[in-house]
Amino acid sequence: MKHYLLLAAFTLFTGMAFAQQPPAKKDTISSADSLLNSLSGETKAEPVMATFKSTRLILSETSETIKKNNLNFVIVHRFGDIGGNDGGGKTLWGFDNSSDIYIGFEYGLTDNLDIDFGRSKYEQLLELGLKYNFLHQTSDNSIPVALTVIGKTGLKPYSVTTNVFDDYGNRFNYFAQLVIARKFSSRFSAQISPSFVRNNLPFPFVEGNEKDFFSLSAAGRFKITKRMGIVVDYAHPFSDFRRNSDSPKFYDPSGVGIEIETGGHVFTMNFTNAEAISPMNYLSNTQSKWGKGQYRFGFTITRVFDFNPKHKGTYK
Amino acid sequence: MKYIVIILLVWFSNQAGQDTYVCKNAKISLFSKAPLEDIDATSNTGTSVLNVATGDMAFSVPIRSFTFEKSLMQEHFNENYMESDKYPNATFKGKIQEKLDVTKDGSYPVNAAGVFEVHGVKQTRTIKGTVTVSKGVVSLASTFIVACKDHNIEIPQLVFQKIAETIQIKVAASYTLYKK
């Protein structure tokens with residue numbers, strides 16, 4: 001009797017188990033799916049990466065910093081005027097001249113802070129700076145912009161016959177900037193950057209010129225392909241002297257170009273009316289005008305080297 | 001005899017709840033041989049669900065969770081190749097073809113047939129792997145190849161650091177019983 005009971009119980013339960021299986025099967029597929037979704041959670045808000053491909057556009061520095069233990073080698077070149085008195089065929093449309101050359105190094109102290117050193121041909125300006133990306137845009141837009149501060153000190157080391165540099169402090173120039181950048185889509189990024197320039201010796205050294213002035217820059221990049229984009233850059237110094245002066249006459253620096261990324265290198269080829277590369281120089285002293293043919297071809301090459309200690313492969 | 005009935009009862013009633021295993025820290029690595037330097041990256045935040053009764057399984061890994069030796073490589077991986085802002089996860093949803101017996105220790109070669117989605121492109125694939133049961137711990141390991149072109153991952157001509165056209169993927173997941 002007991003045996004029959006047991007058998008009955010067994011068949012009953014197995015029967016139930018089998019009977020439940022078809023609907024249970026369907027359930028498990030969808031439940032495995034929903035379980036997976038609940039486990040992986042909602043997509044976390046991540047910091048937006050690569051708002052710009054490099055630390056430089058045409059005139060502006062971007063919100064990007066160099067990551068820890070990486071070295072960015074920067075070469076910027078501006079040729080001579082394409083048109084006007086100094087351009088044309090006799091100078092191969094400016095290629096015979098270089099209005100400015102900048103060689104610089106940017107080294108990542110942390111992932112968000114880098115130290116920069118560079119030298120310009122223009123005013124022989126040596127500059128040392130720090131750049132700190134203290135706020136990252138997030139993918140859920142809870143933080144809509146990236147914020148980066150830049151501080152630079154410039155030194156003009158050349159000798160002069162006048163006494164303007166008798167006070168050594170007159171050789172120093174300062175630059176401070178807040179970069180407000182947003183990656184609107186994977187194609188389009190833009191930034192505006194209020195800045196402050198201080199030249200201990202007003203530059204250019206002309207009667208009435210100010211030591212201090214503010215400036216506002218706007219720049220953007222629109223990618224045409226994954227690796228190539230159009231960049232535009234514009235800056236306006238808020239300076240009464242520069243607005244009112246007739247001789248010399250000042251113009252707002254601006255530029256347009258294309259940016260190509262090749263994995264490691266970023267090239268920018270551009271046209272700009274600004275002769276100088278350092279913001280202390282081009283914000284202070286841009287006297288060249290697009291309309292007079294005083295614009296030039298230029299390029300920027302940046303290359304990142306990674307000095308992180310070699311790791312053993314993680315693929316095990 | 002009564003005891004046997006009770007044991008059977010308990011066994012059957014427990015059966016349903018003991019089918020689902022989960023893993024929240026699956027290790028997923030990728031490797032690619034490149035002329036200049038080998039590229040490898042690892043994520044330890046893959047999630048997986050495995051139903052040992054039905055064989056149903058699912059895997060998901062956030063693309064952003066892969067860490068590379070070089071930060072620039074990681075940026076290029078996310079920005080240029082995987083477009084992780086558009087396609088944040090890689091997933092596999094399928095079914096293990098073999099019957100699994102997790103009550104016995106051992107190592108079982110398995111084939112999982114299902115849909116593998118990377119870079120927004122779904123591929124129907126059968127992926128070989130091994131299910132190991134050791135002292136009640138169920139784990140799964142697999143190595144397979146993903147061809148970039150199968151998932152519309154473009155390798156541009158104008159790069160100095162060329163990457164290989166196929167990527168080796170290694171998956172290792174150790175499961176725990178899912179408790180509701």
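One pair to look up here is A:A146, whose bridge partner in strand 6 is A:A181. Keep in mind that this is a predicted model.

On its other pairing, strand 5 of chain A meets strand 4 (residues 126-135), again antiparallel, through nine bridges. There, A:L130 sits opposite A:G151 of strand 5.

## Two faces of one strand

In a regular strand, side chains alternate between the two faces of the sheet. Which residues of strand 5 are on the covered face, and which on the uncovered one? For strand 5 (residues 146-155) of chain A, the covered face holds A:A146, A:T148, A:I150, A:K152 and A:G154. The uncovered face has A:L147, A:V149, A:G151, A:T153 and A:L155.

## The barrel around it

Zooming out, twelve strands of chain A form a closed barrel in the order 1-2-3-4-5-6-7-8-9-10-11-12, with antiparallel pairing. On average, neighbouring strands in this sheet are turned by 20° against each other, ignoring direction.

Elsewhere in chain A, strand 2 (residues 98-108) pairs with strand 3 (residues 113-120) over seven bridges, in the antiparallel sense. A:G108 has A:D114 of strand 3 as its bridge partner.

## Annotation and confidence

An unreviewed UniProt entry lists residues 52-305 of chain A as "domain: DUF5777". That span is 48% strand and 4% helix, and its end C-alpha atoms are 18 Å apart.

As for scores, the model comes in at ipTM 0.77 and pTM 0.82. Chain B has an average pLDDT of 86, with 87% of its residues scoring at least 70.

Methods
Residues are numbered from 1 along each chain as its sequence is written. Chains are lettered from A and ligands numbered from 1 in the order in which they are written. This is a predicted model: local features need pLDDT of at least 70, side-chain atom pairs count only at pLDDT 80 or more; totals for chains, interfaces and linings use all residues. A residue is buried if 20 or more other C-beta atoms lie within 10 Å of its own, exposed if 12 or fewer, and partly exposed in between; C-beta atoms are placed from the backbone. Helices (H or I, at least four residues) and strands (E, at least two) are DSSP runs, numbered from the N terminus. Two strands pair if DSSP finds at least two bridges between them. pLDDT is the predictor's confidence in each residue, from 0 to 100. UniProt positions are given in the numbering used here, feature names are shortened, and annotations may be inferred rather than shown by experiment. Axes are lines fitted to C-alpha atoms, for helices over the stretch in contact, and angles run from 0 to 180 degrees between N-to-C directions.
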